[in-house]
Amino acid sequence: MAPPPPDSSTLSSWEAAFAQPLPVVRSLHTQLTSQISSNREKLRSLVGSSYRDLLSTAEKIIEMETQIRVVEGNLGKIGRGCDSRIVTGRREERWCGGGDREKGQLEAIARLKVAKGGIEAVGKLVRRGGDALVGAKVLGVVRLLLKSLDGVEDQGHLVRELGKRVTGLKAKLLRHVDGVLVKPGTERVELVKALCAHAMITSSNQQDVLKHFLELRLEALETKSQYLSQATVLEMLELYGNTILEARDAFTRRLAERFAQLSKAPLLQDPAVSSLPELSHDVHGRWIPENIRTFTYSTYSISLANGDVDKGLEAWSGEVQKIIFQSVTTSLAAQTDIKSVLDFRHAVLMKFFIVSVQTRDEDPSGTFEQMRSAIVGRMYALIAEASKIELDLTTPKTSTAGDQQLPIWDLAAKSLDTMNRAAKLRGIVIDHRHGRDEEVRQIHNTLASWSARLDEQWSVVATMRTAKWETHDLDFDLDDVGYDGNAELRTLLTKDDPRFAEERLRLDTAKALGAAFKQIADVAKDGANAAYYIRVLRALEAKTIALGARLKDVTFLDASLYSSLYKAIAEQACEQPLREYQASLTRLTQVVSILWDGTPALPLQPSLATFKFLTALQRSMASMGEDLWTRDAVEAVRRHVSEALAKSFDEEIDADEDAVHDKNAAPESESTATNTDEDEPTEPKSTSRTTQAATQCLFDVLYLQHPLTHPSGSPDLLDRPRASLATRAQLDEAALQRLQKSAKEYWKRTYLLFGLLAAREQ
């Protein structure tokens with residue numbers, strides 16, 4: 001048998017309970033479970049009895065409150081019955097049978113209290129933005145009460161003070177009414193009440209009320225026109241349409257009905273008036289004269305004819321349309337982005353179409369054409385502005401043939417970011433390939449920005465073709481707009497306007513390119529900085545070609561400018577190599593004929609000076625940038641070198657002929673002395689130093705003719721010195737052909753060294 005469990009209150013923690021043997025723990029668990037159940041039952045019975053006591057107490061409190069209200073009501077009746085004035089009046093009525101004078105004073109006091117309370121009520125109503133018609137009714141009652149007190153002598157000063165307050169209150173109430181009339185989103189019922197209130201306060205007929213209503217709306221539109229934004233124009237169009245609809249609805253039916261209702265019931269019998277606590281109508285109502293209690297507002301309540309309303313609206317619409325058009329023009333002038341202009345175009349024209357359909361405007365063509373012309377004009381202005389090319393050609397770096405372009409392999413020594421697929425590295429390599437220094441890169445970035453702007457213009461203009469001129473409102477259809485133009489409205493908006501915009505974009509782009517080419521031609525005509533301007537021209541032509549169908553085939557640049565620029569860079573590249581080579585021609589030394597071959601012996605390679613000249617020319621051209629040397633540029637180099645060398649060779653040949661002529665004209669003694677030695681062996685004339693020099697020069701000319709080859713049909717400027725040198729070399733036809741073949745073979749072995757000058761294979 002398990003020992004009895006310990007008392008749970010004596011255990012210090014739950015670990016002490018589990019330290020007991022398992023049977024003891026089980027017994028302890030059973031004991032605790034039974035105690036929990038017992039405590040739960042006790043708690044439930046305790047809470048139930050307390051809840052019943054609480055309900056009983058609440059019922060007693062409610063019963064006491066009811067009894068207190070009854071007692072308070074009885075005490076109030078007793079107090080009112082014990083009022084001294086009432087007791088005195090009853091006594092006098094009972095014993096004296098009169099009291100008319102005191103009765104009149106009491107009536108005057110009551111009317112003053114009602115008038116004062118009415119002024120306070122109207123003031124609260126204005127401050128809280130309450131019902132304007134109720135305020136007009138109360139103000140009418142107050143004015144009647146004060147008018148009825150004009151003959152009372154004792155209250156004259158107070159009546160005058162209240163009259164001044166009524167005058168000020170009337171102005172405040174009119175401002176409140178005007179605020180309701182111009183407030184956006186005012187319900188038709190509230191609008192009609194405000195119109196009735198204005199008519200009651202100012203004693204106006206419906207024609208005057210209509211005029212005042214339209215004047216208020218015109219002032220509201222003028223105020224809105226001071227804020228330049230698309231939202232403001234849309235709000236103005238919304239207010240314009242609502243005004244027309246509300247005027248037609250109110251002044252043809254609703255306002256007359258409201259006036260008819262006013263004439264059926266007295267003002268003080270209106271529950272909204274009599275229930276105002278400030279009037280205390282239940283206390284003072286019996287002291288108000290009968291004529292005021294039964295006063296009914298009456299006016300000529302026949303509604304205006306549709307023709308009268310439309311006539312007033314027609315004159316008003318003319319003024320409003322001018323204001324709206326001015327706001328459209330001013331808002332467009334603040335737009336600096338064509339996308340914003342097209343968003344403005346769609347939103348404003350769509351709102352205008354909806355308003356035209358809602359107001360049943362029979363011919364909105366005039367206003368539509370004005371708004372469309374303003375929008376299109378602003379769009380064309382932005383297109384022209386975006387198409388402009390602003391090239392900064394004022395400070396190009398003066399280039400010379402000594403300006404070396406860094407080798408491409410020097411980029412390997414730089415630390416370049418290879419993120420984003422090595423975009424920076426690719427950009428640097430491309431810039432190096434196209435010779436883009438800081439100045440050229442700036443022009444390239446300018447043209448890239450211009451091209452991006454053009455792409456944006458084209459993409460935005462293309463959205464005009466896909467714009468949806470529809471709404472989710474089933475009551476609107478674009479065909480319902482009463483447009484009376486030559487073309488269909490949808491065609492005009494989705495086809496004609498985009499087509500005209502694209503034509504304008506092409507025209508402005510062509511003008512901008514023409515202006516840019518002319519700007520370059522004006523600053524580059526002197527030939528200075530030719531390499532810079534060639535690169536700028538090529539960048540501009542690349543962007544022109546990239547436009548494709550977006551630009552018509554128009555020649556913007558005279559080919560003579562390129563010719564002059566190519567001639568300038570050719571002279572610049574050839575200046576130093578030509579000077580050195582021409583100097584070497586004037587210092588002809590002993591010809592090394594030991595390397596000659598054949599019978600007769602002929603040279604197999606050009607002279608060292610010729611080879612150095614071609615090498616220096618190649619390096620000079622490469623240092624200026626390989627991107628410069630197109631076919632026409634290389635032809636300019638060939639032409640310039642050919643002209644310079646032909647002139648140099650001719651001068652050398654003439655100088656040699658003069659030297660030979662002087663030698664033949666020497667004194668006869670020298671000739672005789674020479675003849676005494678004629679038995680001595682002499683070299684053949686073909687192997688003399690002069691003949692050898694002429695032969696070597698002839699080989700050099702034949703070799704130079706290969707890199708300086710001209711297009712077919714063009715005369716070779718080196719043909720004349722070649723013929724002269726061939727005559728001086730005294731070579732037969734076979735030897736001359738062998739010399740030509742040797743020069744050609746040597747060019748084939750060495751032309752790769754002069755890649756920029758290598759002749760193209762035909």
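Predicted model: local features only at pLDDT ≥ 70, side-chain atom pairs only at ≥ 80, totals over all residues.
Close-up 1. Together with L43 and V47, L46 makes a nonpolar surface patch of about 300 Å².

Close-up 2. The closest N and O atoms of E41 and R44 are 3.1 Å apart, and the two residues form a salt bridge. Both lie in helix α2, where they are 3 residues apart, or about one turn of the helix. E41 counts as partly exposed at 49% relative accessibility, and R44 is also partly exposed, with a relative accessible area of 47%.

**Close-up 3. A salt bridge between K193 and D131.** Side chains of opposite charge can pair when their charged atoms come close. Here K193 forms a salt bridge with D131, and the closest N and O atoms are 3.4 Å apart. The pair links distant parts of the chain, since K193 lies in helix α7 (residues 188-202) and D131 in the loop between α4 and α5, 62 residues apart. K193 is buried, because its relative accessible area of 17% falls under the 20% limit for that class, whereas D131, at 23% relative accessibility, counts as partly exposed.

Close-up 4. The side chains of D310 and R248 meet in a salt bridge, with a distance of 3.7 Å from N to O. This pair, too, links distant parts of the chain, with D310 in helix α13 (residues 306-333) and R248 in helix α9 (residues 230-262). D310 counts as partly exposed at 36% relative accessibility, and R248 counts as partly exposed at 23%.

**Close-up 5. Two charged patches on the surface.** A patch of positive charge gathers R127, R128, K172 and R175, and helices α4 and α6 each supply at least two of its residues. R128, which lies in helix α4, counts as exposed at 71% relative accessibility. A patch of negative charge gathers E215, E219, E222 and E319, and helix α8 (residues 206-224) gives the most to this patch, with 3 residues. E219 has its place in helix α8 and is partly exposed, with a relative accessible area of 47%.

**Close-up 6. Helix α24, largely enclosed by the rest of the structure.** Helix α24 (residues 689-705) has 17 residues and reaches 24 Å from its first C-alpha to its last, close to the 24 Å expected at 1.5 Å a residue. Of these 17 residues, 15 are buried, so the helix is largely enclosed by the rest of the structure.

Technical notes: Residues numbered from 1 in each chain as written. Heavy atoms only, no water. Patch = residues over 30% accessible without salt bridge, like charges linked within 9 Å, V, L, I, M, F, W, Y side chains within 5 Å. Areas by Shrake-Rupley, 256 points an atom, 1.4 Å probe, with all protein chains shown as cover. Salt bridge = Lys/Arg side-chain N within 4 Å of Asp/Glu carboxyl O. Lys, Arg positive; Asp, Glu negative; His and termini not counted. Charge placed at Lys NZ, Arg CZ, Asp CG, Glu CD. Helix = DSSP H or I, 4+ residues; strand = E, 2+ residues; numbered from the N terminus. Buried < 20%, exposed > 50% of the residue type's maximum accessible area, 1.4 Å probe, protein only. Expected span 1.5 Å × (residues − 1).
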